[in-house]
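Please open the model in your viewer and keep the selection panel at hand. The tour moves from one selection to the next and says what to look for at each stop.

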Amino acid sequence: MKKNWVLATVAGCVALTPALGAAPREHVISVPGFADFLAVDGSTVWATNKGRVEQWSKSRKLAETAMAHPCGAMTIASGSLWVADCKDKTLNRIDLKTAKIVAVIPTGLGGPDGELNVVAGAGSIWLASDATGMIARVDPVGNVVTASVKVNPGSVYLAFGFGSLWAVSAVSQTIQKIDPETNAVIKTTELGRAPGFLAAGEGSVWVQEQGDGTVARIDPATGAVSGRVKVDETLKYGDIDTGGGKVWLRTTAGQTFVVIDPKSLEIRARVGAASGSGALRYTKASVWTSAHDIHTLSRWKSPAKIGK
């Protein structure tokens, strides 16, 4: 189908947006409380909530695990869900089959406000353990911290991809590339204002520059910025993921999420109504989004057709 395009350039950034066509189908689930960060487990999704972590299918809640204050983006690895606890400053390991906590690891926590994430890579679990600039590396076999990586202060946003750990600091306005073989920073790159969550995939590392309203594309080989796309005046707050040949950006203003072409940096679609802050995770079958301000989870079907 032929598209009509609207082109805008801002400070060297590209923002090419297709005219909106038929909206993808959204299946909305009412979730009491404050459903926020997401982790996909097969056809289900885990969500942080007030005092608990919950597992949801497209129709109902399947499991619930009590925690003091689950916070930040989670990861699934080694048959477990790994979740930070902002009250206890620990990393909690939850068995995916029983929904029971099987280990509590006293790591410390670098982002007590909950804006942080836990990631898996190189056979380890990683999270910011101190706001002064420290990342803990956790062995999932022994459930112990095996190394601490010194990074820039405020480096609480993490991603693992292309054989490296990537750490973003809103305080220092940087992204740092970390070699898991040496547990040391090997490249530091300056970013725009208030950088936040990031994702590694579709050939690059992608960072929300929340204060500038842009998404920066990072070359994983050199660590340098290879392009930017202007999305809005700001990107406070949201989430980002990759998959299916696209970059998926959860937004707060204007729409629910934006779809970006990773090669051309064109905005291929703006999807859904603005629904406040929340998270996003991509799968081949669907895209999951949360909207804690209106107490919902949404499942968007057929992501391959979105932004074509």
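**First stop: a covered strand and its partners**

Select strand β30, residues 296–301, which is mostly covered, with five of its six residues buried (buried means under 20% relative accessible area, with a 1.4 Å probe and protein chains only). Strands here are DSSP runs of E with at least two residues, numbered from the N terminus. This is a predicted model, in which local features need pLDDT of at least 70, side-chain atom pairs count only at pLDDT 80 or more, and totals for chains, interfaces and linings use all residues. Residues are numbered from 1 along each chain as its sequence is written, and side-chain values use heavy atoms, with hydrogens and water left out.

A291 has T296 as its bridge partner in β30. The two strands form a hairpin with four residues between them, and H295 in the turn has a positive phi of about 60 degrees.

Next, select β3, residues 26–30, which is also antiparallel to β30, with five bridges joining the two; here E26 has W300 as its bridge partner.

**Second stop: an open sheet**

Now select β24, β25, β26 and β27, which form an open, antiparallel sheet in that order. The edge strands, each pairing on one side only, are β24 (239–243) and β27 (267–271). Within the sheet, zoom in on β25 (residues 246–250) and β26 (residues 257–260), antiparallel strands joined by four bridges, where R250 has F257 of β26 as its bridge partner.

Key:
Two strands pair if DSSP finds at least two bridges between them. Buried means under 20% relative accessible area, exposed over 50%, partly exposed in between (1.4 Å probe, protein chains only).
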